[in-house]
Amino acid sequence: MQFEILNVRFVKTACLAVLAGALATGCATRGQAFDYTAFKQSNPASILVLPPINSSPDVAATYSMLSQVTLPLAESGYYVFPVSLVDETFRQNGLSNPPEMHEVKLQKLREIFGADAALYITIKQYGTSYTVIASESRVTAEARLIDLRSEKVLWKGEATASSAEGRNSNGGLVGLLVQAVISQIVESASNRSHPIAGIASYRLLAAGMPNGMLYGPRSPKYKTDGNAQP
Amino acid sequence: MLTRLSFVGALVLSGCATKPQPLYYWGDYQPQVYGHFTKDTGPQEQIESLEAGLEKARASGKPVPPGYLAHLGILHAELQRPDEMRKYFEAEKTQYPESTAYIDFLLRKYKQAK
């Protein structure tokens with residue numbers, strides 16, 4: 001049921017995530033623009049997302065995140081390989097955990113999947129901490145996009161989402177809005193971190209964020225970003 | 001500080017005022033995939049939800065996202081329906097030619113396994 005809420009409210013949530021993303025990273029990264037030269041040269045159209053490595057104590061993290069990476073990448077204009085089949089393909093080849101999957105040679109990935117680029121995600125934080133006053137669900141993940149032909153790093157980034165955003169008053173009006181949406185989602189969820197992972201995934205992988213992914217060929221905004229030459 | 005705030009304000013306004021239309025009809029795709037991974041949702045249940053979603057996508061005039069049709073393919077494979085599997089795999093390929101090499105790889109594997 002919680003998922004329906006998330007879907008119905010996706011546009012709203014996405015907008016809020018964009019706001020919050022802008023607020024969170026806009027000022028902090030000012031002046032250090034990401035170098036998109038390799039990204040633009042590679043010009044990837046299809047992305048293979050490997051099952052994320054989980055360095056949090058919560059075993060649910062990998063597949064919670066993996067099931068929510070397609071939306072931000074596809075809406076940014078990329079073909080995203082079917083995550084369920086990709087996971088199954090690794091398993092049928094005897095690789096049952098993400099660290100092993102991340103070790104597979106790039107050339108081999110290219111052969112099997114025919115993907116332009118591979119996305120390697122590591123989940124650094126995933127879970128809910130409970131205190132006397134309140135609980136907080138927090139998800140932090142980092143990602144690297146690698147070209148499967150040239151083997152160059154095209155992009156890397158990191159993002160966090162927390163159910164406590166805006167609770168400490170310095171978030172202002174936007175913070176309050178984020179908080180309202182998040183608590184609505186979270187209160188109805190059994191895995192309270194899952195919707196937070198969805199927001200973290202969006203912030204991490206949607207194009208149009210400061211120093212974020214560029215738009216891909218299937219987006220109407222393709223080639224409008226990353227300081228594209230006129 | 002004020003300039004920075006108004007910059008953020010502009011981002012905020014442009015972000016939401018233009019209301020970017022999603023490219024795809026998502027329906028329950030991601031939640032169903034999550035249920036697939038956690039095994040909380042069986043293949044038949046996922047198929048019912050996702051095939052109903054195909055109708056809704058048609059009505060909305062938006063395509064289903066990358067992976068949607070291929071995931072339906074693997075669900076039918078789990079239920080030993082190779083014709084349905086092949087139908088959805090081919091449909092993924094037609095809608096998204098980027099998947100061609102991988103789908104062909106899967107179909108070859110399937111043939112070998114038979």
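Two strands are said to pair if DSSP finds at least two bridges between them, and strands (E, at least two residues) and helices (H or I, at least four) are DSSP runs numbered from the N terminus. This is a predicted model, in which local features need pLDDT of at least 70, side-chain atom pairs count only at pLDDT 80 or more, and totals for chains, interfaces and linings use all residues. Residues are numbered from 1 along each chain as its sequence is written, while chains are lettered from A and ligands numbered from 1 in the order in which they are written.

**Confidence**

- Chain A averages a pLDDT of 83, with 73% of its residues scoring at least 70; pLDDT is the predictor's confidence in each residue, from 0 to 100.
- Over residues 1–30 of chain A the pLDDT is below 50, although this stretch has 52 contacts in the model beyond near neighbours in sequence, a contact being two residues whose C-beta atoms, placed from the backbone, lie within 7 Å.
- Where pLDDT is low, the predicted coordinates should not be read in detail.

**Strand pairing in chain A**

- Chain A comprises 10 helices and 6 strands, and of its contacts with a separation of 6 or more, 70% are between residues 24 or more positions apart.
- Strand β4 (residues 117–130) of chain A runs parallel to β1 (residues 46–49) of chain A, to which 3 bridges join it, and A:L48 has A:A118 as its bridge partner in β4(A).
- Strand β2 (residues 53–54) of chain A is also parallel to β4(A), through 2 bridges, with A:I53 standing opposite A:T122.
- With β5 (residues 135–147) of chain A, β4(A) pairs in the antiparallel sense over 13 bridges, and A:I123 has A:A141 as its partner there.

- Not counting residues up to four places away in sequence, A:L48 touches A:F81, A:V86, A:L109, A:F113, A:A115, A:A118 and A:L119.
- A:Q107, in helix α8 (residues 106–113) of chain A, counts as exposed because it has 11 C-beta neighbours inside 10 Å.

**Helices of chain B**

- Chain B has 6 helices and 0 strands, and buried residues make up 32% of its 114 residues.
- Helix α4 (residues 68–78) of chain B has 9 of its 11 residues buried, so it is largely enclosed by the rest of the structure.
- The cover over the buried residues of α4(B) includes α6 (83–92) of chain A as well as α2 (29–38), α3 (43–60), α5 (82–95) and α6 (100–113) of chain B.
- The axes of α3(B) and α4(B) come within 9 Å and cross at roughly 145°, the axes being lines fitted to C-alpha atoms over the stretch in contact, with angles running from 0 to 180 degrees between N-to-C directions.
- That contact is made by B:P43, B:Q46, B:I47 and B:L50 of α3(B) and by B:Y68, B:L72, B:L75, B:H76 and B:E78 of α4(B).
- Just after α4(B), B:Q80 takes a positive phi of about 55°.

How values were computed:
Buried ≥ 20, exposed ≤ 12 C-beta atoms within 10 Å, placed from the backbone.
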